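Try each task before reading its solution.

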Amino acid sequence: MRRMTRKNLPALADLIEAARRIEDHLPWPRAVVAPKVWNLAVEQLAKGRWSLLGLWGEPDKVHMALLDEALDIGVISLDCRGGRYPSVGQYHPPALRLERAAADLFGLAPQGLPDTRRWLDHGQWGISHPLAAKPGGPASASSYRFLAAEGESLHQIAVGPVHAGIIEPGHFRFTAGGETVVRLEERLGFVHKGIEGLMAGAPLDRAAKLAGRTSGDSTVAYSLAFARAVEAALGVAPPPRAIWLRALMAEMERLANHLGDIGAICNDAAFAIMHAHCGVLRERVLRAADAAFGHRLMRDRILPGGTACDLDEAGTSAIRSLVAEIRQRFPHLVELYDNTASLQDRTVATGRLKVELARQYAAGGYVGRASGRDFDARRAPGYAPYDELAFDVPVLQEGDVNARVWIRVREVEQSLSLVEQILGRLPAGPTLVEVAADGPREGMALVEGFRGDILVWLRIGEGGTIERCHLRDPSWFQWPLLEAAIEGNIVADFPICNKSFNCSYSGHDL
């Protein structure tokens, strides 16, 4: 029976069922579609009925991961004859940078793309289109043409890519009238690592390490997403204890990052005492992680098939002591934040992100939830063990810096509860099963990192190695929104707006 989401509107499943379905693509379907169907999907995106979860290329095709109104997920693929395909970005702006990146890496040419400037390729690779079937010669290192803004007495301010601190590189070009920002344009790609190229041909153990290094502050989330994609492709079921340990690590990673962010946002408003106290709590989380799992960031602790380590009584005790300390100290910090008028003056009504933009860009994490987008991959599409755990997903409508702080505050509270629930219900048993890699098989996963949903799509070849792997950071859909949020604010408020978004340079630049 033909399913409908609205009257006369096909569901995503209809498009996939009517196309050439790819076997051994799990857990969600993938199909190769005709250009007409591709354009129909683009139309659903442009009208706001569907959301774009990812867009990536191969030498001879392009893929889109989609989420429809029924929260069904699917991937559609289009063969690119002559390296060309109809642009998604010309009708749906969230696809613009993804298409530019695919053009840099694979030489694909989206027809009708309104912005054809190179994105990841700065002309320093010594090669062009490195992942194409036939890579080209070096691209010229021409100057980047920033978009113009018209008006009286406008001036430009260039910031970065080198910043005054130990942070990642990125260039920000402000156009301002006096102190008011008229336009912000970002230039990213400075920390491109070639991670998708390194993945090709890698055995599963090496590929898992690469995935965990896509964005260091989200190493648990990336490792989990990669492991789940491999397990989906190969039909592997990790042991129950490993599933719960993974969630425990994920919530501890969320705690560490949210605590660090809350303090850093306050520090950018010159309220250093919050930064100091939150920094202490973050350090406590990292030390507890080290005691429990043998690594402060819990890197390389999640593997396809389970986990690389177990949790003993000493580790459990360290985590319980951590939760007790945060529960005692954190409420006083929240009260301090909420009752400091000079701090509220900097965060309330600053850097507003409109609800409509958050929805259009399918913004994940605290960026989306602070602007009304009620989405959390732990809940929908969902994955174990979160279906057995009780937690709320905080959502606000204001969309300002203050709202993004409060979403983090509430998520700290929820993560503390989740950690307690997991420790109280942690099943016994092994933590790892053997994974026999064989292909060709394809797998995909969507995991909730602290910034939002992380997508991993991969293909395992006949030799059991990774043939192709794409990793999409939530920052791909958040960086453009920072440009929109800063407009109309003063230049001096950019640092606090930027930190309230806290997008990943490394995760974006691949």
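**A salt bridge to start**

Arg 459 and Glu 58 form a salt bridge, with their closest N and O atoms 2.8 Å apart; the term stands for a side-chain nitrogen of Lys or Arg within 4 Å of a carboxyl oxygen of Asp or Glu. This is a predicted model, in which local features need pLDDT of at least 70, side-chain atom pairs count only at pLDDT 80 or more, and totals for chains, interfaces and linings use all residues. Residues are numbered from 1 along each chain as its sequence is written, and side-chain values use heavy atoms, with hydrogens and water left out.

**Exercise 1.** Find the bounds of the domains and how far apart their C-alpha centres lie.

*Solution.* Start with the domain assignment (automatic or from a database): domain 1 covers 12-111 and domain 2 covers 195-474. Next, take their C-alpha centres, which lie 27 Å apart.

**Exercise 2.** Describe the contact between domain 1 and domain 2.

*Solution.* First, count residues: 26 of domain 1 are in contact (heavy atoms within 4.5 Å) with 24 of domain 2. Then look for charged pairs: the rule finds three salt bridges across this interface.

**Exercise 3.** Which elements give two or more residues to the side of domain 1 that touches domain 2?

*Solution.* Helices (H or I, at least four residues) and strands (E, at least two) are DSSP runs, numbered from the N terminus. The elements are β4 (25-26), β6 (51-58), β7 (61-67), β8 (73-79) and α3 (96-106). Finally, pick out β6, which gives the most, with seven residues.
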